[in-house]
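Dear colleague,

I am handing over the structure that I have been going through, and I would be glad if you could read the notes below alongside it.

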Amino acid sequence: MDTPKLVEAIKEFFSGDIEYDDKTLHKYSHDTSLYEIVPQVVVFPKTREDIKNLVSFVSDHKKEYPGLSITARSAGTDMSGGAINNSIIVDFTRYFKGVGDINEKGTKVEPGVYYRDFEKKTLRRGLLLPSFPASRQLCALGGMVNNNSGGERTLRYGKTIDYVKNIKMILSDGNEYQFGRLSKNELMDKMKQKDFEGEIYRKMYKLVEDNYDLIKSSKPAVSKNSTAYNIWDVWDREYFDLSKIFVGAQGTLGVNTQTTVTLVPRLKRYGLLVVYINDINVLPHLIQDALKHSPVSFEAFDDATLKLAIRFMPQFIRILGLSGTIRMGIQFLPDLIRFAAQGLPKLTLLVEFDGKSAKEIKEKVYALKKALEIYTVRLQPVESEAKAKQYFTIRRESFNLLRKNVKNKHTAPFIDDFIVRPEYLVEFFPKLNQILEKHEVDATLAGHIGDGNFHIIPLMEIEKQSERDKIDVVQKEVQDLVLEYKGSISAEHNDGMVRGPFIKQMYGQEMFEVFKEVKNIFDPQNIFNPHKKTDARLSFSQKHIRQKF
Ligand SMILES: Cc1cc2nc3c(=O)[nH]c(=O)nc-3n(C[C@H](O)[C@H](O)[C@H](O)COP(=O)(O)OP(=O)(O)OC[C@H]3O[C@@H](n4cnc5c(N)ncnc54)[C@H](O)[C@@H]3O)c2cc1C
């Protein structure tokens, strides 16, 4: 359907905004991935009726116009290409910004609420959604839920899925349904329904029951995984919970209009031990020893990231909201002098503790320091909160600063989210470095080291064909290595266009058929976010790699 005709048709039933000027289309042709796809039109729904009508319209016209589709989008910070597409983009951040009453049981939240605004509200009640990603200042709840995001606190608190109590979705029949945990009796009642919802429950029950052992045995043996659909938590033969299949589905099964999340009490006090490492061979044992002390987070960044932080000190100062360069300089001075004398550490690890009193936290920090003194590493307890914030800002902001500041080279996230169990790291790391060196890939590394989850961000002259040619080769080699070590190709950033084409490789044909059937049950016409998850094709993704930034 051509754009003028599509826009006229949408105007008939849509009360929200419809935009398709060049500036809007340019903005929405990108997320933070390495892809670019220009949509036909971007719509900003005001009501649920808007979305229901839109879904019904696309369903009704899909046969005649196979190119029609709906891609939901919240803040658009997706790194995998999940939030871009070539037909209708539905943006939630303009009007879907409702937050319900907040109490110890949790709250209801609409997808367009920015996490930073949400957090201000929950903190007023002394509560927190602890699965916030490093993009906490940029992302919205819709993306966190539909990507199943995780972050620095995931080590202790889990990912977003662990906080989703129930979820409201508009499905391909144009109706809104709520999904949550059902007992066996409640499941039986749902399956008796003669409508679309009943059909979904019958088909999904059959799928997970018929393939029960296959599904259980295919779960990757890592602490977090976002590759494919989260089918593992749907049915344990006691409870049946379809909310789990939507979390992390990247809007490929329906459109999410509201989520009820649980929250945790916020502990006000934190303490930090910084560990500077030059010999990565110490990592596996050191990680195991540190984890025995139950840190609340355990993060890492490399020397390239640290160099960047030093180079872009003014931007950091702005992010940190400090009153001036001098103050920042003074606080960083001892570290800088030491670095100048001894060289930058290869890896900086941040091991963070929480507790009820300053005394308790200090004891935890110093107990770990003592335990790690057996290793040839430098250990620095950080008691000042302002200083701890500096280290965490380096960790959280590295990707964003790279995106904005490095001249001539561009961030190309295509090996940005793999996870391997920490005990394999000593073998895994040298092999990974060999691949990067062999292909002359310049990259920064940061990540959630306690989980073995790494964000490697290559910097490339993406305008050059020779550089773009490396993407495919390096991605395949790194992913093969990850799978050799029984890891997952995505821990939290999700599949999108970058990893969707490799789902079959990771799980094998039989499980791939199960995932395909999930998509088919909810979205038989493929109207929701095509070219992602089981519908992803390498040739399509490759065709849409950005040629300039
Ligand atoms: C600097 C930086 C750091 C990051 N760090 C992390 C990190 O530590 N951990 C992490 O997990 N991720 C991280 N990310 C990736 C990203 O920020 C997160 O996944 C984030 O939660 C996405 O939120 P968003 O609102 O921007 O989602 P979007 O980009 O808008 O969407 C993400 C996906 O969800 C789908 N979606 C959005 N809204 C809906 C809806 N209403 N219904 C159905 N589907 C919907 C989209 O189609 C898309 O597939 C980082 C990104 C950046 C730029």
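Contact, as the word is used in these notes, means heavy atoms within 4.5 Å, while helices (H or I, at least four residues) and strands (E, at least two) are DSSP runs, numbered from the N terminus. Please keep in mind that this is a predicted model, in which local features need pLDDT of at least 70 and side-chain atom pairs count only at pLDDT 80 or more, whereas totals for chains, interfaces and linings use all residues. Residues are numbered from 1 along each chain as its sequence is written, and side-chain values use heavy atoms, with hydrogens and water left out.

I begin with the helices. In helix α11 (residues 283-291), the residues that are buried (under 20% relative accessible area, with exposed being over 50% and partly exposed in between, for a 1.4 Å probe and protein chains only) are Leu283, Pro284, Leu286, Ile287, Asp289 and Ala290. Their cover includes the strands β12 (269-277), β13 (297-302) and β14 (347-355), together with α15 (358-372) and α17 (425-438).

Helix α21 (residues 509-522) has 14 residues and extends 20 Å from its first C-alpha to its last, close to the 20 Å expected at 1.5 Å a residue, where the expected span is 1.5 Å times one less than the number of residues. Its buried residues are Met511, Phe512, Val514, Phe515, Val518, Lys519, Ile521 and Phe522, and among the elements that cover them are α8 (196-210), α9 (212-217), α10 (243-246) and α20 (503-507). In α3 (residues 48-61), the buried residues are Asp50, Ile51, Lys52, Leu54, Val55, Phe57, Val58 and Ser59.

Next comes the ligand. Of the 35 residues around it, those that come nearest are Ala72, Ser74, Thr77, Ser135 and Gly150, a residue being counted as near if one of its heavy atoms lies within 4 Å. The shell around the ligand divides into 13 nonpolar, 19 polar and 3 charged residues, where Ala, Val, Leu, Ile, Met, Phe, Trp, Tyr, Cys and Pro count as nonpolar, Asp, Glu, Lys and Arg as charged, and the others, Gly among them, as polar. At least two residues of this shell come from each of β3 (70-73), α5 (141-147), β10 (255-261) and α16 (385-405), and α5 gives the most, with 5 residues.

An oxygen atom of the ligand lies 2.6 Å from an N or O atom in the side chain of threonine 77, and an oxygen atom of the ligand is 2.8 Å from a polar backbone atom of glycine 76. The protein covers 99% of the 980 Å² of accessible area that the ligand has on its own, with areas taken from the Shrake-Rupley method with a 1.4 Å probe.

Two single residues remain. Aspartate 91, in strand β4 (residues 88-91), is buried, with a relative accessible area of 3%. Leaving aside neighbours within four places in sequence, aspartate 91 is in contact with Tyr28, Val42, Val43, Phe44, Pro45, Arg73 and Ser74. A polar contact (a pair of N or O atoms within 3.5 Å; within protein, one must be able to donate a hydrogen and the other to accept it, and residues adjacent in sequence count only if both atoms are side-chain atoms) of 2.6 Å joins the side chains of aspartate 91 and tyrosine 28.

Serine 541, in helix α22 (residues 538-543), is buried as well, with a relative accessible area of 2%.

Best regards
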